[in-house]
Amino acid sequence: GLKSHYSAYGGQDFYIENTIIDFGESSSRDEVFYDGIHFFGLCRNGTITGTRITNTFDDPISLVADGTNPDIIFGDITNISIINTTFFNTAFAVRIMSDTNLIDNINIDGIHGDTRDYAFVFENIQGAGVGNIGTINISNVSLSVTDSPTLSEFTYMKLNGRINVLNISNWTRTDFTKPYSLIECDQDADIRTMNLSNLNYYTQEVQSNNMINVNNGAFIANLQINGGSFISDGFIQNTSLININTGGVLNVVSFQGVLNVSGFKHILENEGTVTSIFADTVRHAETSGSSFNNTSSSISVLSISSYR
């Protein structure tokens, strides 16, 4: 962004509590690129809690480990917690960017409000780097995403670059009428493990979208979905809980205790590559399509039990 409220590099053992950041309404600004809190290299062991960020119009909270600005120190960023934070009229909630420097042990818990473009962006410096993100834990999210005037890709979470472990639990979608996917894995995404637990995805949108898109060039080694409810009350098109597009790779996917999948034509649709599917105690309440629709690669392992 062009301006930010706080910028920090080299910060250690810090605590930010009950802070309000508000840049004012758009009519009072000369540019749209206002940021909230930037963490750059060598930041570690920090907590943000009880904070409200409003009208930043760009990154309200960002962690940036790599870049080209000679006036900024870049490097590893580790052990950062973002807790009970509310966002209003911001471009994103949390943005994480890395090329070769490590960003690891990031804990995001209790995120509320609304954002304009995405909720979360974890990426490899806008497609220009490799990405070196270790473990990210996200829990207790209740956040809406409003219509973006600039984006053609509508999603809550945009992933690009290398991510070792992404754990997401207790995420409730709070807007019901927009064609947003929950997770978009773009062409440079290289994700070793993604765990989704107790997600509640409900939509009434007329033009529905897949919940998770694994796009051309994206790779997920292991995806686990445990519990949760996934309901689309809108017009059922060719929508899937998980969609692997041509050129996308999902090596192993596991479903455990997913008892309410309704309104999606398929639980999984594969036009790319899927190696193994495991499903235990799954209920798919939709008869207009097949639960697992594979039109591309052969599947080496298919294990299904307690399915209805």
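Phenylalanine 122 touches Val94, Ile96, Ile108, Ile133, Ile136, Ile138, Met157, Lys158, Leu159, Asn160, Ile163 and Leu166, leaving aside residues up to four places away in sequence. The model in which these contacts are found is a predicted one.

**The nonpolar core**

Phe122 belongs to the largest nonpolar core, a set of 71 residues. Within this core, Phe120 and Phe122 touch the most other members. Strand 12, residues 133-145, supplies the largest share of the core, with six residues. Ile133, Ile136 and Ile138, which are among the contacts of Phe122, have numbers that fall in the range of strand 12. In soluble globular proteins, nonpolar side chains tend to be buried together.

**The chain as a whole**

The protein chain has 26 strands and zero helices. It is 308 residues long, and buried residues make up 53% of them. Counting contacts between residues at least 6 apart in sequence, 83% join residues at least 24 apart. The chain exposes about 12,100 Å², and carbon and sulfur atoms supply 46% of that area.

| Residue | Strand | Relative accessible area |
|---|---|---|
| Serine 81 | strand 8 (residues 77-90) | 17% |
| Serine 232 | strand 20 (residues 229-232) | 4% |
| Tyrosine 307 | strand 26 (residues 301-307) | 33% |

Why does serine 81 count as buried? Its relative accessibility is 17%, and buried means under 20%. Serine 81 touches Gly46, Thr47, Ile48 and Asn107, again not counting residues up to four places away in sequence.

Serine 232 also counts as buried, because its relative accessibility is 4% and the limit is under 20%. In sequence, serine 232 and glycine 263 are 31 residues apart. In space, the distance between serine 232 and glycine 263 is 4.6 Å, C-alpha to C-alpha.

Tyrosine 307 is partly exposed, because its relative accessible area of 33% lies between the 20% and 50% limits.

Methods:
Residues are numbered from 1 along each chain as its sequence is written. This is a predicted model: local features need pLDDT of at least 70, side-chain atom pairs count only at pLDDT 80 or more; totals for chains, interfaces and linings use all residues. Side-chain values use heavy atoms; hydrogens and water are left out. Helices (H or I, at least four residues) and strands (E, at least two) are DSSP runs, numbered from the N terminus. Buried means under 20% relative accessible area, exposed over 50%, partly exposed in between (1.4 Å probe, protein chains only). A nonpolar core is a set of buried Ala, Val, Leu, Ile, Met, Phe, Trp, Tyr and Cys residues joined through side-chain atoms within 4.5 Å. Contact means heavy atoms within 4.5 Å. Accessible areas come from the Shrake-Rupley method with a 1.4 Å probe; for residues, only the protein chains shown count as cover.
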